[in-house]
Amino acid sequence: MGGTEHLSVRREGATLVLTLNRPEAKNALSLPMLVGLYDGWLEADADDTVRSVVLTGAGGSFCAGMDLKALAGKGMAGEQYRDRLKADPDLHWKAMLRHHRPRKPVIAAVEGHCVAGGTEILQGTDIRVAAASATFGLFEVRRGLFPIGGSTVRLPRQIARTHALEMLLTGRPYGADEAAAIGLVGRVVPDGTALDAALDIAERVNACGPLAVEAVKASVYETAELPETEGLAAELKRGWPIFDTADAKEGARAFAEKRTPVYRRE
């Protein structure tokens, strides 16, 4: 199992838990963290025993965005990881889910700060749980910067355009309840319980047929920007093969026999 000095990786049953682990900096993005994140997405994709991924942060924060000291030219921790970035100049965008979409469902468990690059990574996740005192926002314009992690494209597709533009153009903070009201997150839970809630959702995902889950996720994203007729055609192409799998037959058989299905990705 992978991980770096700023990204810890562990298993909870069929769930891979990735924890941004730089609490002294509110988990601001560092090169070791980005390398660890990318390796974590690859590990989840490659391991068929992994059925879901939970992304969270250590020390009561999710992610406070990019390390601004590094942007100011003061260097970024983890010189030994620079060769990885030289070998793949797109690695940081893949790590932030801008240029990579894991085939397994990704559930975000947010406590504390989830701002700037943290809110940008959040947009690459599939299901989002926030603690009551969590804070969200895209602060880049306040600093004369551009939220180049994908927010000007993805955010207006995920929430109403007026809310997206207000967030993008004012750079103001949003509390968890407001983030839920505009659809940025799906659930608000008491402080300190976001990870437990995310793991509960992951367990429910893990109990479902993995081939079906992955096909459903793929269909949602593949058809998101298609006209309805084309989208429905793409859905049939993606969905019909699932009915011919051994897992589909097992699901029906288990239902008839009133038992828990045993899925084998077949």
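Threonine 245 is buried, at a relative accessible area of 12%. Buried means under 20% relative accessible area, exposed over 50%, and partly exposed in between (1.4 Å probe, protein chains only). The model is predicted: local features need pLDDT of at least 70, side-chain atom pairs count only at pLDDT 80 or more, and totals for chains, interfaces and linings use all residues. Residues are numbered from 1 along each chain as its sequence is written, and side-chain values use heavy atoms, with hydrogens and water left out.

Threonine 245 sits in the loop between α11 (228-239) and α12 (246-256). Helices (H or I, at least four residues) and strands (E, at least two) are DSSP runs, numbered from the N terminus. Leaving aside residues up to four places away in sequence, threonine 245 touches Leu211 and Glu266. Contact here means heavy atoms within 4.5 Å.

Lysine 94 belongs to helix α4 (residues 91-95). Lysine 94 also counts as buried, at 19% relative accessibility. Its contacts, not counting residues up to four places away in sequence, are Tyr38, Trp41, Asp88, His99 and His100.

The table gives the polar contacts of both residues. A polar contact is a pair of N or O atoms within 3.5 Å; within protein, one must be able to donate a hydrogen and the other to accept it, and residues adjacent in sequence count only if both atoms are side-chain atoms.

| Side chain | Partner | Distance |
|---|---|---|
| Lysine 94 | Aspartate 88, side chain | 3.0 Å |

**Nonpolar cores.** In soluble globular proteins, nonpolar side chains tend to be buried together. A nonpolar core is a set of buried Ala, Val, Leu, Ile, Met, Phe, Trp, Tyr and Cys residues joined through side-chain atoms within 4.5 Å. The largest one here has 46 residues. Leu18, Leu37, Val110 and Phe136 have the most contacts inside it. Helix α1 (residues 31-46) gives the most to this core, with eight residues. A second, separate core has 13 residues, including Val17, Val189, Ala194 and Leu199.

Valine 110 touches Phe62, Leu122, Val129, Ala130, Ala131, Ala134, Phe136 and Ala194, again not counting residues up to four places away in sequence.

Strands of a sheet pair through backbone hydrogen bonds, either parallel or antiparallel. This sheet is open, with mixed pairing and the order β5-β7-β8. Its edge strands, β5 (113-115) and β8 (174-175), each pair on one side only. Two strands pair if DSSP finds at least two bridges between them. Strand β7 (residues 135-137) runs antiparallel to β8, over two bridges. Phenylalanine 136 faces tyrosine 174 in β8.

**Helix α6.** Which residues of α6 (residues 151-158) are buried? They are Ser151, Arg154 and Leu155. These residues lie on the same side of α6, because they cover an arc of only 95° around the axis. The arc is that of the directions from the helix axis to the C-beta atoms. Their cover includes α5 (117-122) and α7 (161-170).

**Cysteines.** How many disulfides does the whole structure hold? A search finds zero. A disulfide is a pair of cysteine sulfur atoms within 2.5 Å. For cysteine 114, the nearest cysteine sulfur is that of cysteine 63, 7.2 Å away. Cysteine 114 is buried, with a relative accessible area of 0%. Cysteine 208 is partly exposed, with a relative accessible area of 38%.
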